[in-house]
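I set out to record what I looked up in this structure, entry by entry. The coordinates come first, and my notes follow.

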Amino acid sequence: MSSPVRIAIVNDYEIVVAGIAAVLEPFSDRVSVVELDSGMPVVGDVDVVLYDSFGQVQGGDVDVARLMAGGSGRLVIFSWNTEPELVEASLAAGASGYIPKGIPAKELVDLIEAVHRGEKVLPSTVPTPENDDFGRWPGREHGLSPREAEVLALICQGLSNQEITERAFLGLNTVKTYIRSLYRKIGVDSRTRALLWGIDHGFRPDHVRRPGPHA
C-alpha cells in the first residue's frame, strides 16, 4: 500500500485551514495533513501544498517561491474563483493545479492524488461543484456565505471596493451586492461599523503557524 500524500494547507485564517483539515480527516489513509500554515511559508517537505485563496492574493500575484520555501512539492490553488484568466495566471506563476471549491471531499482527495502523480488538474476537467458549503470560514455562524465573508475579510484588510474587485475577481456591482447583503446579516449600516464588527469576529489574518494533526 502506498504512503498517504503529505499535504500542507495554507491560508492566513486559522478557521479556514482547520476546516479543510477536518473535511480531509476521514481520508487520512490517502492524504496526511502535516502542516497547517497561517501567514507563513511551508517549512516541511510535503508532496502537495493546498493554497486556499480566501482573502488572499490570487493569480499572478501568488508568490509561489515564498510559499514553497525551497520545497519539492507541488502547489495547488483551491478557490471559488475559477475565471480562465485567473487560472492561467496562477499556472504561469508556478502552480501545478487549480481546484474549484464546492466539490465533495472524496473528489478533492482524488484530485490531490492526481496532482501528486504529476497530472494537471484544472477547473475545466472537474465536474461543476455542487455548492459553496465547504469547510469553515469566518462569519459562517452568523449566516455569511463564503463570498460575503471573503468580501468582509478584504474590507478588514483596508481594501476599497475597486481593490476588492481586483483581488476577488468580482464585478464592482457584484461586490456592492455582497456588501449590502453582509451588512444586513451582521446588522451594520456603514463600512466603519462593518470593519469593527469584522475585527471583533476573527476577520483579521491569524499569522500563527502550528503543526498539523499528523505531524
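**Entry 1: phenylalanine 169.** I looked up the accessibility of phenylalanine 169 and found the residue partly exposed, with a relative accessible area of 29%. The cut-offs I used are under 20% relative accessible area for buried, over 50% for exposed and partly exposed in between, with a 1.4 Å probe and protein chains only. I noted that phenylalanine 169 has a positive phi of about 55° although it is not a glycine. I located phenylalanine 169 in the loop between helix 6 and helix 7.

**Entry 2: basis of the values.** I worked from a predicted model, in which local features need pLDDT of at least 70, side-chain atom pairs count only at pLDDT 80 or more, and totals for chains, interfaces and linings use all residues. Residues are numbered from 1 along each chain as its sequence is written, and side-chain values use heavy atoms, with hydrogens and water left out.

**Entry 3: the chain as a whole.** I counted eight helices and six strands in the protein chain. Helices (H or I, at least four residues) and strands (E, at least two) are DSSP runs, numbered from the N terminus. Along the sequence I read the pattern β-α-β-β-α-β-α-β-α-α-α-α-α-β. Of the 215 residues of the protein chain, 50% count as buried. I found that residues 24 or more positions apart account for 71% of the contacts with a separation of 6 or more, where contact means heavy atoms within 4.5 Å.

**Entry 4: helix 6.** In helix 6 (residues 161–168), I listed Asn161, Ile164, Thr165, Arg167 and Ala168 as buried. The cover over these buried residues includes helix 5 (146–156), helix 7 (172–186) and helix 8 (191–200).

**Entry 5: helix 5 against helix 6.** I noted Val151, Leu154 and Ile155 of helix 5 and Ile164, Arg167 and Ala168 of helix 6 as making the contact. These residues divide into five nonpolar, no polar and one charged. Ala, Val, Leu, Ile, Met, Phe, Trp, Tyr, Cys and Pro count as nonpolar, Asp, Glu, Lys and Arg as charged, and the others, Gly among them, as polar.

**Entry 6: helix 5 against helix 7.** I found an angle of about 95° between helix 5 and helix 7, with their axes 9 Å apart. Helix 5 and helix 7 are therefore roughly perpendicular to each other. Arg147, Glu148, Val151, Leu152 and Ile155 in helix 5 meet Tyr178, Ile179, Ser181, Leu182, Lys185 and Ile186 in helix 7. I recorded the division of this contact as seven nonpolar, one polar and three charged.

**Entry 7: glycine 198.** I placed glycine 198 in helix 8. Is glycine 198 buried or exposed? Glycine 198 is buried, with a relative accessible area of 0%. Not counting residues up to four places away in sequence, glycine 198 touches Leu152, Cys156 and Phe203. From C-alpha to C-alpha, glycine 198 and leucine 152 are 7.0 Å apart in space and 46 residues apart in sequence.

Technical notes. Axes are lines fitted to C-alpha atoms, for helices over the stretch in contact, and angles run from 0 to 180 degrees between N-to-C directions. Angles under 35 degrees count as roughly parallel, over 145 as roughly antiparallel, 65 to 115 as roughly perpendicular and the rest as oblique.
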